[in-house]
Amino acid sequence: MMKKMSISTSKTSLVLFLCQIISALDVPLDSKLLEELSQPPTITQQSPKDYIVDPRENIVIQCEAKGKPPPSFSWTRNGTHFDIDKDAQVTMKPNSGTLVINIMNGGKAEAYEGVYQCTARNERGAAISNNIVVRPSRSPLWTKEKLEPNHVREGDSLVLHCRPPVGLPPPIIFWMDNAFQRLPQSERVSQGLNGDLYFSNVQPEDTREDYICYARFNHTQTIQQKQPISVKVFSMDSLNDTIAANLSDTDIFGAKPVTERQPVLLTPTGSTSTKVELRGNVLLLECIAAGLPTPVIRWIKEGGELPANRTFFENFKKTLKIIDVSEADSGNYKCIARNALGSVHHVISVTVKAAPYWITAPRNLVLSPGEDGTLICRANGNPKPSISWLANGVPIAIAPEDPSRKVDGDTIIFSHVQERSSAVYQCNASNEYGYLLANAFVNVLAEPPRILTPANKLYQVIADSPALLDCAYFGSPKPEIEWFKGVKGSILRGNEYVFHDNGTLEIPVAQKNNAGTYTCVARNKLGKIQNEVQLEIKDPTMIIKQPEYKVIQRYGQVSFECIIKHDSTLLPTVTWLKDNDELPDDERFLVGKDNLTIMNVTDKDDGTYTCIVNTTLDSVSASAVLTVVARPNPPFDLELTGQLERSIDLSWLPGDENNSPITSFVIEFEDALHEPGVWRYQTEVPGSQTTAQLKLSPYVNYSFRVIAVNRIGRSQPSEPSEQYLTKSASPDENPANVQGIGSEPDNLVITWEPLKGFQSNGPGLQYKVSWRQKDVDDEWTSVIVANVSKYIVSGTPTFVPYEVKVQALNDLGYAPEPSEVIGHSGEDLPMVAPGNVQVHVINSTLAKVHWDPVPLKSVRGHLQGYKVYYWKVQSLSRRSRRHVEKKILTFRGNKTFGMLPGLEPYSSYKLNVRVVNGKGEGPASPDKVFKTPEGVPSSPSFLKITNPTLDSLTLEWGSPTHPNGVLTSYTLKFQPINNTHELGPLVEIRIPANESSLILKNLNYSTRYKFYFNAQTSVGSGSQITEEAVTIMDEAMASRQVDIATQGWFIGLMCAVALLILILLIVCFIRRNKGGKYPVKEKEDAHADPEIQPMKEDDGTFGEYRLFSFVSSAPI
């Protein structure tokens, strides 16, 4: 887009071009238009003002320009016309103004040194280049000089002068030795800006004979070398020894020691100096001081602060560097050199001058005949630059007159221009530090409107995004632009549109209803033209499922999702990036339609993964971070310090935590003396700690290793530390878990847990075992044993208490006095059975037994409790042989009663009681007989219904398996069941106990009945058994069914129904007869006395329940 270039008191709008600006001097027209329109010359490329050339190569002075018609070129040299046709060494490139001076074929660069200026001219005007000062570079040799060796006293200052030859451009200076190694520099020794090498104070190590200054001339790629400089530093001790015979006591090299000196500036000299620098350059200020100790340099700006972000310190703070200086950086800068003896300072007064710089550079003007315009040229500098104008390269004062222009200082005013007013004007702004030269043309054209945007151009825009519809145009005078929606729509106005000066129509937030045809109309006084463009609005591309942050363990598998939604007419492409770069070329990375999967993840896969979705119109992206975690790397660099007899300090460096913070360090030790190759736990410290003080035991050859722990797991152990052998000592502790328990009635077995190797504290580990009978005035009996963990004392009384102790000892002495424990000699079987055994029957299934405790002395051991043996002798309701099951109940401790559950009603039982100790059971008490009362019977063993007739059924049954008393009768109940399974009235019949069958008569024919049958004792009724049966049909009905009954399909159907009924009856029978408890028994069990429940071990009342079986020959 061309901006307005002219201002007038009568008009404020001037001709503008409506295209993109390539540069301030460019007219942005397309190639076809450029072929048709005239344009004054414009310089597009030229050599720098100060042009230093390599004298060994051809000189190329550039000058390129454009214009219509193409410009011709000419040159001046040192202010006069340079006729290149008369110099065979000089040629001009075709269609160009660039000069080539042939030096490589015999020419000399010095002969062409001078000031050159190029002019590009066509029928519309002439443009000129800057004055190009051409100078060949120079790299002269060092002047020969005789260099005397430098003899310097230790501590004195020294300056080695470089004084390089004057070159063009100036050389780069550096100091090296004969081996081409740069000499080391420091706060004490450094190179100044002038190339000299400064020593604030010399030291004996500065003695050498190859201090060489080098000058590198970059333009010619050459390096010049100065003669080596020799420096010899004398220390005072050696100086006294070598020159004592030749020098007097007052000589400078006398017996004076090396003394410290306060700072003195080596450069700059004096207390003040001045410095002038140009705006935009780099300001370098330097202070180098002598002194011992070596002074430290500090910089300040008087009355202000050093500019932030532009201030740097170089050469060990001896050089202050301020980049891109401006007039505001003028002022006084103070350097202060300080050491322990004092300080010195220097003030540098800095003045920042400025070569001319543009405020407003003149811009090209394109006007139509009769229009007004201005060229403005404004520049600033220090001192203020002067402004001068030229027209087509000629000072405007002597240029051909043009009545349409008027010069007013830095402005040229044009009024009512005509085509002959076209020209190129030059503005020159100059002061003592330089100049600026700018070309700006005035091109007067008369052209009707032209629209450069292609017709019917299609624009596709994403909804809710700006839509920019181009209407690139050209015309002189500047055309007016109008936009219409549709072919016959009204002109577009309003806040929803933005109209740009270059003709572009902007819809800031395009919606679906903005789609359609738009018409652009351009008109000026010379004509009118229009163009149509199309606008389509597309749905935006969205990532509806973005990748999410993942933490994955090393060697695992991870997937990132990227599910998108897009306009159906756009074809999206999905690209995955890692850390904003392409994915690694690795088969472990699998890119799917909407995901990225990484197999076998490694540490290098850690990073940010980005899913980028591109269409031709938009692009969206989403990122997620993958953190690969793993167990930490093992610690390293283990070091032992602070070695003491009983402690040592261990330090280490942690390994990589692998993205999971280390939570703790586990320290293990190996005892190479007692358990080589076995690592044991020592201690654990927090993950923030890398040192630990470890407690040590005597007589252990320690080495340590450290294991790092994070959330993922434990690292591999570190490499072992060095070994550390502690001194021997007597044991610190005695064996643990000392016990005295007899294994036989006449012995005492003393056992203990032996000390581990590292607990022995020294060689010759043994144990002193001591014992004596408790509560008897006996002396301790002791024995010393080794390599065992028990000792047996024989000939002891049965089950008496003993005091026992075990003490550790080694070659260096005994452990502290051990504590005593109480043990007992061996137990023997109890001698006495419990007496006065009594049984109280509570109900038909529960009884309570009592007994008197036995004397404790007769127990002959630890009383563990009593066992009650009981068994059923016979059932009182029938006599027969049976298999006898003997049951046992154990009652812990000294309890003297207990409950006997689970008894069978109407039965005879026997029981006896025995006392129990650790050795076993004592003798049984005499058998005690008791009987249980009657209970309710179990259900009859079976119920069968046979011989069905029209009105009768025969019932047969078996007596109960467990009568639990004397049967008194049976009860039968029955009721009919209709076709809807509803029950009819219930009929009850009492049957004598000696009956086993019954014929029921007067029943309804073809009717199903349900029967309930149970037995009774004097206590009550037992559980019932049920059954169902059907009476048969009458003969008339049967005759009517003959034909059907003889059909094969009916027979098959009936067989299937019968089979199904049989199966159901069997299942029902099994379910109704399943179980083993009787109703009364169930109630009694549910409300059993708490006394019969097995008791906990610690209450000593109830222990184990065992069952013994045997066959009794007695009748039951």
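## Salt bridges

The whole structure, a predicted model, holds 36 salt bridges, each defined as a side-chain nitrogen of Lys or Arg within 4 Å of a carboxyl oxygen of Asp or Glu. One of them joins the side chains of Asp 50 and Arg 135, with 2.9 Å from N to O. This pair links distant parts of the chain, with Asp 50 in strand S2 (residues 50-53) and Arg 135 in strand S11 (residues 132-136), 85 residues apart. Strands are DSSP runs of E with at least two residues, numbered from the N terminus.

Glu 817 and Lys 805 form another salt bridge, their closest N and O atoms 2.8 Å apart. Asp 177, Arg 208 and Asp 210 are linked in a network of salt bridges.

## Exposure of the partners

Buried means under 20% relative accessible area, exposed over 50%, and partly exposed in between (1.4 Å probe, protein chains only). Asp 50 is partly exposed at 44%, and Arg 135 is partly exposed at 24%. Glu 817 is exposed at 55%, whereas Lys 805 is buried at 13%.

## A three-stranded sheet

Three strands form an open sheet in the order S40-S44-S43, with antiparallel pairing. Strands S40 (467-469) and S43 (498-499) are at the edges with a single partner strand each, so one side of each has no neighbour in the sheet. Two strands pair if DSSP finds at least two bridges between them; S40 and S44 (residues 505-507) have three. Ala 467 has Ile 507 in S44 as its bridge partner.

## Basis of the values

Residues are numbered from 1 along each chain as its sequence is written, and side-chain values use heavy atoms, leaving out hydrogens and water. In this predicted model, local features need pLDDT of at least 70 and side-chain atom pairs count only at pLDDT 80 or more, while totals for chains, interfaces and linings use all residues.

Key:
Helices (H or I, at least four residues) and strands (E, at least two) are DSSP runs, numbered from the N terminus.
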